[in-house]
Amino acid sequence: MERISIDPLICNGKPIVRGKRITVQTILGYLASGDSKEEILKQYPTLEPEDIDAVLKFAAAMMDAKYEIKQLA
């Protein structure tokens, strides 16, 4: 998880990859759209394959949290 950080001064505090202005959400969005790791690495040449693995591990860890769904009025 040392590849993922949260800094309130970068990207409004969203989790980012290795201090870059590339958010975990951005990478997850590409993966959810069906892009391969290779395509993402081409799009973001400063990323490393281990960064994408770290994004997936981070997302999996976040899903381990407890959630509560509230109805909006």
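How much accessible surface does the protein chain have, and what percentage of it belongs to carbon and sulfur atoms? The accessible surface comes to about 5500 Å². Carbon and sulfur atoms account for 55% of that area. The model is predicted.

## Overall layout

The protein chain carries three helices and two strands. Read from the N terminus, the order is β-β-α-α-α. Strand S1 covers residues 4-5, and strand S2 covers 16-17. Helix H1 takes in residues 24-32, helix H2 37-43 and helix H3 49-62. Along the principal axes, the C-alpha trace spans about 45 × 30 × 20 Å.

The chain has 73 residues, and 23% of them are buried. Take the contacts between residues at least 6 apart in sequence: 39% of these join residues at least 24 apart. On the charge side, there are 10 positive and 11 negative side chains. The centres of the two sets lie 4 Å apart.

## The nonpolar core

In soluble globular proteins, nonpolar side chains tend to be buried together. Here the largest nonpolar core has eleven residues. Its members are Ile4, Val17, Ile22, Val24, Ile27, Ile40, Leu47, Ile52, Ala54, Val55 and Phe58. Two elements, H1 and H3, each give two or more residues to this core. H3 gives the most, with four.

Val55 is one of the core residues. Which residues does Val55 contact, leaving aside neighbours within four places in sequence? They are Ile4, Val17, Val24, Ile27 and Leu28. Ile4, Val17, Val24 and Ile27 are also on the list of core members.

## The aromatic pair

A pair of aromatic rings is described by the distance of the centres and the angle of the planes. The structure holds one such pair. Its partners are Tyr30 and Tyr44, with 5.9 Å from centre to centre and 70° between the planes. The pair counts as edge-to-face because its angle is over 60 degrees.

The two tyrosines come from distant parts of the chain, 14 residues apart. Tyr30 sits in helix H1. Tyr44 belongs to the loop between helix H2 and helix H3.

Most residues other than glycine have a negative phi. Cys11 has a positive one, near 55°. Asn12 also has a positive phi, about 55°, although it is not a glycine. Cys11 lies in the loop between strand S1 and strand S2, and Asn12 is found in that loop too. Cys11 is partly exposed, at 21% relative accessibility. Asn12 is exposed, at 77%. From Asn12 to Ala54 the separation is 42 residues in sequence and 20 Å in space, C-alpha to C-alpha.

Lys14 lies in the loop between S1 and S2. Its relative accessible area is 39%, so Lys14 is partly exposed. Which residues does Lys14 touch, not counting residues up to four places away in sequence? Lys14 touches Ser5, Thr23 and Gln25. Lys14 and Arg3 are eleven residues apart in sequence. In space, their C-alpha atoms are 14 Å apart.

Ala61 has its place in helix H3. With a relative accessible area of 34%, Ala61 is partly exposed. How far apart in space are Ala61 and Met1, C-alpha to C-alpha? The distance is 9.8 Å, while the two residues are 60 apart in sequence.

Technical notes
Residues numbered from 1 in each chain as written. Predicted model: local features only at pLDDT ≥ 70, side-chain atom pairs only at ≥ 80, totals over all residues. Heavy atoms only, no water. Phe/Tyr/Trp six-rings, centres within 6.5 Å; stacked < 30°, edge-to-face > 60°. Buried < 20%, exposed > 50% of the residue type's maximum accessible area, 1.4 Å probe, protein only. Contact = heavy atoms within 4.5 Å. Areas by Shrake-Rupley, 256 points an atom, 1.4 Å probe, with all protein chains shown as cover. Lys, Arg positive; Asp, Glu negative; His and termini not counted. Charge placed at Lys NZ, Arg CZ, Asp CG, Glu CD. Core = buried A, V, L, I, M, F, W, Y, C linked by side-chain atoms within 4.5 Å.
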